[in-house]
Amino acid sequence: MSIRLGENADAYIGYTFNQNYWHKGYATEAVSALIQLVFTQTKLSLVLAEVDQENTASVSLLKRLGFKFLTRKENIKNARGRLIAEDTYLLEKSEIRNQQSKMIK
């Protein structure tokens with residue numbers, strides 16, 4: 001797990017899990033905690049996440065946590081040297097507040 005602070009009141013999150021720990025809810029818990037940390041301990045107003053478009057589990061996780069699709073970059077070389085389409089997703093601090101207020105009602 002990582003947080004990379006951006007230049008425009010934003011942060012990029014990243015995570016990689018060993019395949020033995022996939023589909024157990026660990027990523028959801030960890031990313032949720034990371035988002036809470038960013039929004040409660042900093043003055044940042046957005047969190048961005050970049051993901052391989054074909055990584056459907058990570059895309060689903062981001063959407064479940066309220067992230068919205070922002071942009072796509074084609075022909076990005078990933079860590080394994082493979083060309084991928086990389087999608088960027090965005091979560092705004094104000095959206096977290098809106099979701100929480102809906103849950104309280």
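Gln53 sits in the loop between β3 and α2; helices (H or I, at least four residues) and strands (E, at least two) are DSSP runs, numbered from the N terminus. The model is predicted: local features need pLDDT of at least 70, side-chain atom pairs count only at pLDDT 80 or more, and totals for chains, interfaces and linings use all residues. Residues are numbered from 1 along each chain as its sequence is written, and side-chain values use heavy atoms, with hydrogens and water left out.

Gln53 counts as partly exposed because its relative accessibility is 34%. The cut-offs are under 20% relative accessible area for buried and over 50% for exposed, with partly exposed in between (1.4 Å probe, protein chains only). Leaving aside neighbours within four places in sequence, Gln53 is in contact (heavy atoms within 4.5 Å) with Val59, Arg72, Ala85 and Asp87. Thr88 lies 35 residues from Gln53 along the chain, and their C-alpha atoms are separated by 9.1 Å.

Now the whole chain. It has three helices and five strands. From the N terminus on, they run β-β-α-β-α-β-β-α. The radius of gyration, taken over C-alpha atoms, is 14 Å, close to the 13 Å that the globule rule gives for 105 residues, so the chain is as compact as a globular protein of that length. That rule is 2.2 Å times the number of residues to the power 0.38. Buried residues make up 30% of the 105. Of the contacts with a separation of 6 or more, 57% join residues 24 or more positions apart.

Next, the interior. In soluble globular proteins, nonpolar side chains tend to be buried together. Here the largest nonpolar core has 19 residues, and Ile13, Ile35, Phe39 and Phe67 touch the most other members. Such a core is a set of buried Ala, Val, Leu, Ile, Met, Phe, Trp, Tyr and Cys residues joined through side-chain atoms within 4.5 Å. β2 (10-14), α1 (26-41), β3 (46-52), α2 (56-64) and β5 (83-92) each give two or more residues. α1 gives the most, with five. Beyond its neighbours within four places in sequence, Ile35 is in contact with Leu65, Phe67, Leu91 and Ile96.

Last, the largest pocket. Its lining has 37 residues, with Tyr15, Thr16, Val51, Asn55 and Ser58 nearest the centre. On a 1 Å grid over the protein atoms alone, a pocket is an open set of points where a 1.4 Å probe fits, with protein on both sides within 12 Å along at least five of seven lines; lining residues have an atom within 4 Å of a point. α2 supplies the largest share of the lining, six residues.
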